Amino acid sequence: MEKLSTLLTSLEPNSDRMGALEAVKPALSSLSRQELVDGLRDVSLLPVFDCLNSGETTLVQTACSVLTHLLSFTDPALVLERYGGLMMRGLTHPDNSVVLLIMKQLSRCVLDDELALLVVQRDMVSTVLEKLDSELEVATEVTSWVGLLAETPAGLPALSKAEVVAQLQAIASRSSILQMRVLDMMVRMATLGEEHLQSVLNTGFLQQLISILHTDDFLLKLNCVDLLTILAMAPHGQKYLESAGVLTTMTSLLEDCPNHPLADILLPGLVKFWGNLAHTRPLHIMTKYPAFLSALVNMVQSDDFTAQSIAFETIGYIGVSLEGKTALVEMGNKMVECIEKLEMLIKDSPTEVKIRAMNALASLIKLDKENQSPELLSLTEAWYRRVPSTMSLVTSIVKQPFLDLRLAAYQLLMVMVGQPWGRGMVMRQPGFCEFLMDRSGERDKRGREEKFRVVEAIVESREAKEILGPDMDMQMRLFVKQGPHYVQVQSQVAYEGE
């Protein structure tokens with residue numbers, strides 16, 4: 001630590017400050033974390049902070065890097081006590097690197113309830129909130145910081161004070177971009193709990209957000225739908241949206257969407273909103289709001305690959321749960337027709353759409369062992385058989401040179417071998433188990449590991465001996481014992497005269 005102290009004392013305005021700063025990290029490299037924590041208690045970092053006042057961008061950014069490193073070993077309470085005033089001034093610095101440094105330290109502080117109270121008492125909140133009117137990177141940090149502060153006993157009341165609400169309203173009035181930043185921050189705060197939702201409701205910002213749905217500003221409406229989707233992910237948020245009549249408004253938007261000139265842009269956001277609701281309460285949403293089901297079916301039946309993949313992704317997200325599967329069964333023939341469309345997407349569509357289609361099918365037929373009743377196994381097998389060429393398509397895809405495609409295929413295979421009917425289909429595919437055990441056919445580490453997991457699941461089922469015979473069963477067991485990255489060593493013998 002003596003070397004660090006020497007370097008810091010050499011940070012005089014007319015000295016080689018850049019050289020001194022660049023020497024800091026190497027000087028500390030031999031010390032353990034605990035030695036750094038203990039030693040920095042007795043070292044003042046004021047000379048490094050003073051470098052932030054320089055007009056040289058490179059020096060400022062190097063000082064930021066050094067401070068980020070040193071402060072990570074300094075107790076947040078000590079940071080706030082010693083450098084709180086400097087951090088307040090740093091928030092108004094023209095260089096974003098400095099502001100982001102300060103925000104990171106303030107985020108560390110508000111993780112502690114007592115320090116969060118000190119931050120509030122020092123009137124730091126309004127200074128931080130003003131940084132919403134900055135570059136996006138800084139504004140994003142502010143939103144995250146507010147979320148952390150709001151979870152402390154002192155934070156929520158401080159953020160709900162009349163003067164803070166007035167400040168946020170003033171910021172929001174400057175532009176539509178800032179309006180959405182403020183609303184985004186308030187929505188994320190509302191998702192934290194019932195008490196937080198009520199506090200945000202008292203500010204009037206949620207009501208402002210909902211009113212945007214009734215305006216003609218398309219971009220604002222699009223952003224509004226995205227924020228309401230975030231709110232809908234919280235159970236108490238869903239409850240509020242339904243009680244406030246927002247779901248009725250969203251139904252109308254969904255029904256009117258085909259007539260909108262920018263329907264292709266608006267529809268995915270609306271489907272994502274409803275998909276998140278239906279994931280958590282599938283029977284309720286699918287039954288009470290049939291417009292959502294109609295929209296999904298129309299998207300599946302369209303000729304637009306993007307619309308189809310979004311629809312199937314949503315159906316898979318709903319159907320991954322048992323209640324979701326039950327809700328989809330209630331769709332009757334509509335669901336069957338939708339699943340049949342998956343075959344075409346897996347067979348003949350762009351790579352990204354193929355991946356989403358395989359992921360959707362995997363979600364639909366996924367069934368954990370504890371839920372494998374005869375009825376549910378019959379259901380997943382029946383859905384799988386609606387895509388009759390799945391096995392031949394998958395065995396072809398895992399041999400293609402595109403890792404993302406192969407990983408999606410392996411994921412689908414893992415879901416299949418997790419169920420008796422699926423294991424039988426995989427094992428009875430001619431030559432496929434031999435392919436799965438050929439490590440040379442998969443050069444990528446992740447690919448080898450996923451391929452291995454499929455064989456491992458088959459071996460663990462103890463069905464290979466019966467279906468494939470004792471010799472193949474022994475080979476598969478040895479394969480699993482050796483692991484995914486096993487390489488057979490070729491021994492060579494040198495003969496005299498060679």
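## Salt bridges

A salt bridge is counted where a side-chain nitrogen of Lys or Arg lies within 4 Å of a carboxyl oxygen of Asp or Glu. In general, side chains of opposite charge can pair when their charged atoms come close. The structure described here is a predicted model, and by this rule the count comes to 17 salt bridges.

One of them joins E381 and R385, with the closest N and O atoms 2.9 Å apart. Both residues belong to helix α26 (residues 374-385), where they stand 4 residues apart, about one turn of the helix. E381 has a relative accessibility of 22% and therefore counts as partly exposed. Elsewhere, salt bridges with shared partners link E130, D133 and R174 into one network.

Two further pairs may be described. R41 forms a salt bridge with D38, and the closest N and O atoms are 2.9 Å apart. R41 has a relative accessible area of 44%, so it is partly exposed; D38, at 35% relative accessibility, is partly exposed as well. In the pair formed by K161 and E163, the closest N and O atoms are 3.5 Å apart. Here K161 is partly exposed, with a relative accessible area of 38%, whereas E163 is exposed, with a value of 52%.

A negative surface patch is made up of D75, D112, D113 and E114. Of this group, D75 is located in the loop that connects α5 (57-71) with α6 (76-90). Its relative accessibility is 47%, which means that D75 counts as partly exposed.

R439 presents another case: this residue is buried and yet has no salt bridge. R439 is situated in the loop between α30 (432-436) and α31 (445-461). Leaving aside residues up to four places away in sequence, R439 touches R448, F479, Q482, G483, P484, H485 and Y486.

## Residues with positive phi

Most residues other than glycine have a negative phi. D123 is not a glycine, but has a positive phi of about 55°. D123 is placed in the loop between α8 (113-121) and α9 (125-129), and it counts as exposed because its relative accessibility is 54%.

R462 is likewise not a glycine and takes a positive phi, of about 60°. This residue lies in the loop between α31 and α32 (464-468). With 66% relative accessibility, R462 counts as exposed.

Helix α14 itself spans residues 194-203, and its buried residues are H196, L197, S199, V200, L201 and T203.

## The surroundings of Q411

Q411 is part of helix α28 (residues 403-417). Its relative accessible area is 38%, so Q411 is partly exposed. When residues up to four places away in sequence are not counted, Q411 touches N359 and A362. The C-alpha atoms of Q411 and L345 are separated by 17 Å, and these two residues are 66 residues apart along the chain.

Terms used:
Residues numbered from 1 in each chain as written. Predicted model: local features only at pLDDT ≥ 70, side-chain atom pairs only at ≥ 80, totals over all residues. Heavy atoms only, no water. Patch = residues over 30% accessible without salt bridge, like charges linked within 9 Å, V, L, I, M, F, W, Y side chains within 5 Å. Areas by Shrake-Rupley, 256 points an atom, 1.4 Å probe, with all protein chains shown as cover. Lys, Arg positive; Asp, Glu negative; His and termini not counted. Charge placed at Lys NZ, Arg CZ, Asp CG, Glu CD. Helix = DSSP H or I, 4+ residues; strand = E, 2+ residues; numbered from the N terminus. Buried < 20%, exposed > 50% of the residue type's maximum accessible area, 1.4 Å probe, protein only. Contact = heavy atoms within 4.5 Å.
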